[in-house]
Amino acid sequence: MSRRQRRTLALTVYALLACVIIWLFLSCLDSWYTPKENRIAPTRRLILSYQWCMVGYLSNLILTLIKLVFEDNGSKLAMHLVSCYVNFVAAWSYYLIWSGFSPMMMDQGSCLYLPQRWLLYLFTAPHLLYLLSQMSACSTASRTMLILENAITCAAGGIATMPWLSQKQKVIWYIVSCAPFPFTNMRIWSMVTEAMGESLNDLTSRRALHFMRVFSIITWNMFPVVYFTSIDGWLPVEVIEAIWACLDWLAKMVYSSSLMEANFFTIAHRRELMHVRDSMLKQQEIEQLNKDITRKDDFLSTMSHELRTPLNGIIGLSEALIIGSSGELPEKALQTISTIKMSGKRLLQLINDILDAAKMKQGGLVIKHQEVNVKQIMRDVMDITKSLLPRKVSFIDKVGDVPNITADSDRLVQIMYNLIGNAAKFTRTGSITLSGGTSKDGMRIFLAVTDTGLGIPKDKFGQIFGAFEQVDMSTTRSYGGTGLGLHLVKQLIEAHNGDISVESEMGVGSTFTVWLPIKQVDSEALPPVNPDVERSVSQEWDQLDPPAAHNSGTQQLLMTRPFYHEKHGGQHMVLSVDDDHVNQMVVDSLLSPEGFHVEQAMNGDEALEFLEESPYLPDLILLDIMMPAMSGYEVCQTIRKKYKISVLPIIMLSAKNTADAVNKGLEMGANDYIKKPFDREELIGRIRMQIRTRDLIRQSLQMGGSSLQ
């Protein structure tokens with residue numbers, strides 16, 4: 001039995017005990033204070049009628065007590081308790097009547113003034129209606145009104161039989177007694193009909209409920225018929241009392257019987273099944289939503305890869321042409337190629353903003369907490385965004401003494417890039433000023449971007465930070481854009497526990513001020529980030545203890561096949577593994593002018609075959625992740641079974657830029673991870689750093705091996 005059922009059962013017991021005590025108290029008052037001079041003694045026939053009813057109620061009580069003893073269901077126990085209460089009060093009431101304890105007086109016609117009967121009705125009829133109401137899902141208010149209406153009917157009917165009332169007073173009480181009766185009938189009919197509606201597929205239950213509905217209406221309407229018949233004196237007292245007793249016993253017997261209980265629990269069970277079914281449907285809906293979210297995430301990830309891959313080709317090949325990989329080009333051609341490159345970068349920024357906004361909405365964007373050199377970041381952002389400025393707009397650097405802060409350097413660049421890009425879009429002449437400093441309390445820094453552009457109406461300040469919102473959203477607007485940049489800026493700032501404010505005057509310009517905490521309360525600052533070449537987790541090389549270094553590690557480094565640069569005058573070979581021909585062309589075009597020899601493998605099998613058959617080992621492997629048949633993760637894992645991380649550097653190149661993808665790449669044995677589209681200088685810088693680190697480790701191990709010899 002549940003805790004809730006035990007609590008309900010306890011409340012039921014207390015309520016029934018209270019009813020019994022009040023009923024006994026009122027019965028005693030009736031016996032003590034009813035005038036004794038007009039009392040009459042019950043006849044033999046009346047006593048037999050009352051005794052017959054008492055025996056019937058006692059039989060019902062005993063049967064119900066037996067069921068009560070062996071019942072362990074909380075709801076059924078409550079039903080049995082109410083049934084026991086009804087039968088106990090009815091049996092005891094009829095005992096009090098035929099024993100002469102409760103007074104009996106003649107009123108008029110064949111009507112007896114019998115207060116105990118009306119007490120019995122007042123203290124049992126509401127409970128019978130409560131049992132009947134359990135078969136339907138009627139509200140508490142409807143159930144309360146039904147019981148209250150019946151109580152008024154019983155109380156007013158009993159008062160109307162008092163012999164000492166005048167005829168006029170009796171009529172008034174008759175009217176009061178009959179007024180609620182039609183509403184009681186309608187509620188009883190409605191409750192049972194509603195229960196039948198829940199039993200559409202259960203013929204047996206519907207038949208039983210149909211009987212209950214007809215029986216309830218007939219029985220309930222017979223009481224006033226017998227009542228007014230007795231008042232008019234149409235039948236003798238013994239006949240009327242026998243009819244009263246019979247109706248009373250039938251009503252209480254049926255409403256507290258197994259028939260009522262069976263139908264109630266059939267419907268209750270059905271409701272429970274419906275509840276379980278609804279819960280299962282809701283669970284299925286939740287699972288389907290989770291699947292849809294997963295599919296959407298997969299779609300975003302796939303689209304991210306598919307969009308970044310051609311952009312990598314556009315930007316990379318443009319950079320290769322600009323540096324002269326295909327020979328010297330005319331100035332006009334270089335300008336055109338630079339425009340293509342910048343357009344590709346703008347498209348890349350738009351893709352990143354859309355994907356980041358989607359991740360922020362789902363709470364899936366990871367904010368790294370590292371110590372960031374803000375002044376260096378601001379200088380880098382100014383260099384990146386110079387190409388965004390119109391010819392008649394200049395940069396003014398007023399960034400003061402700004403301390404290092406704990407933040408995500410990539411996201412900070414993204415924030416400032418969007419703010420400067422927004423300022424450049426709406427500024428045709430004048431300047432864009434970058435300023436920064438520390439708050440008075442020394443807890444926060446501020447970074448401000450001030451332009452001399454069009455300005456923003458004050459009533460639009462709240463609107464501009466909404467997703468896909470702009471000041472002018474009309475079809476004839478003069479300025480493009482998705483309206484997503486400022487929304488993403490605000491989300492990223494709030495993810496850093498910061499804030500952004502805006503000041504603007506139409507025709508004068510606008511100032512966007514970013515406030516960021518110097519320290520993140522819930523994080524520990526990581527080592528400083530080098531903005532030129534970001535340090536990756538993969539640079540934490542294998543911790544080789546001295547014995548391992550001078551045994552297996554040294555032998556693996558010294559006894560393997562020579563690296564390509566050892567036999568080719570110091571020229572380094574890079575093995576590019578990618579199934580996309582454009583990406584292969586980009587890598588070759590960017591690395592060849594820098595003196596690298598590039599070998600290509602179009603899939604993982606070709607890469608592994610090259611490592612097995614080539615007389616020289618590549619100095620470094622550039623490895624794409626998403627490839628047919630064998631993914632980059634699997635290729636990297638296979639290579640690491642033979643070549644340690646400190647022997648053969650592997651840099652993963654992929655458009656998958658999620659934290660999970662990066663972490664998985666490093667776990668599989670990659671030395672570094674670069675996201676596509678990549679910057680030419682970043683790619684070359686990281687390749688050279690990995691090769692230089694590998695060479696330093698080899699020299700250290702060779703020196704250690706020589707000293708042992």
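A: One begins with exposure: a residue is buried under 20% relative accessible area, exposed over 50%, and partly exposed in between (1.4 Å probe, protein chains only). The model is predicted, so local features need pLDDT of at least 70 and side-chain atom pairs count only at pLDDT 80 or more, whereas totals for chains, interfaces and linings use all residues. Residues are numbered from 1 along each chain as its sequence is written, and side-chain values use heavy atoms, with hydrogens and water left out.

Q: Is Asn497 buried or exposed?
A: Asn497 has a relative accessible area of 52% and is therefore exposed. Its place is in the loop between helix H14 (485-495) and strand E8 (499-505). Helices (H or I, at least four residues) and strands (E, at least two) are DSSP runs, numbered from the N terminus.

Q: How far apart in space are Lys490 and Ile500?
A: Their C-alpha atoms are 6.7 Å apart, while the two residues are ten apart in sequence. Lys490 belongs to helix H14 and is partly exposed, at 23% relative accessible area.

Q: Which residues does the UniProt record annotate as "transmembrane region"?
A: The unreviewed UniProt entry gives this annotation to residues 9-26, 46-70, 77-98, 118-133, 145-165, 171-189 and 210-228. UniProt positions are given in the numbering used here, feature names are shortened, and annotations may be inferred rather than shown by experiment. In the model, residues 9-26 are 100% helix and 0% strand, with end C-alpha atoms 26 Å apart. Residues 77-98 are also 100% helix and 0% strand, and their end C-alpha atoms lie 32 Å apart.

Q: Which residue does the record annotate as "modified residue: 4-aspartylphosphate"?
A: According to the unreviewed UniProt entry, the annotation covers Asp624. In the model, Asp624 is placed in strand E12 (residues 620-624). Asp624 counts as buried because its relative accessibility is 2%.

Q: How many salt bridges are counted?
A: Side chains of opposite charge can pair when their charged atoms come close. A salt bridge is a side-chain nitrogen of Lys or Arg within 4 Å of a carboxyl oxygen of Asp or Glu. By this rule there are eight. One of them joins the side chains of Glu594 and Arg688, at 3.2 Å from N to O. Glu594 lies in the loop between helix H17 (581-591) and strand E11 (597-601) and Arg688 in helix H21 (residues 680-708), so the pair ties together parts that are 94 residues apart in sequence. Glu594 is partly exposed at 27% relative accessibility, and Arg688 is partly exposed at 37%. Glu594 and Arg688 are also linked with Arg680 in a network of salt bridges.

Q: What is the distance between the closest N and O atoms of Glu612 and Lys642?
A: In this salt bridge the closest N and O atoms are 3.5 Å apart. The pair links distant parts of the chain, 30 residues apart: Glu612 is in helix H18, and Lys642 is in the loop between H19 and strand E13 (650-654). Glu612 is exposed at 53% relative accessibility, whereas Lys642 is partly exposed at 44%.

Q: Are Asp695 and Arg694, which form a salt bridge, buried or exposed?
A: Asp695 is buried, with a relative accessible area of 18%, and Arg694 is buried at 0%. Their closest N and O atoms are 2.8 Å apart.

Q: Which residues form the positive surface patch?
A: Patches are made of residues with over 30% relative accessible area and no salt bridge: like charges are joined within 9 Å, nonpolar side chains (Val, Leu, Ile, Met, Phe, Trp, Tyr) within 5 Å. Lys and Arg count as positive and Asp and Glu as negative; His and the chain ends are not counted. The place of a charge is NZ of Lys, CZ of Arg, CG of Asp or CD of Glu, and accessible areas come from the Shrake-Rupley method with a 1.4 Å probe, where for residues only the protein chains shown count as cover. The positive patch consists of Arg3, Arg4, Arg6 and Arg7. Arg4 is in helix H1 (residues 3-33) and is exposed at 63% relative accessibility.

Q: Which residues gather in a patch of negative charge?
A: On the surface, Asp605, Glu606, Glu609 and Glu613 form this patch. Glu613 is placed in helix H18 (residues 604-613) and is exposed, with a relative accessible area of 60%.
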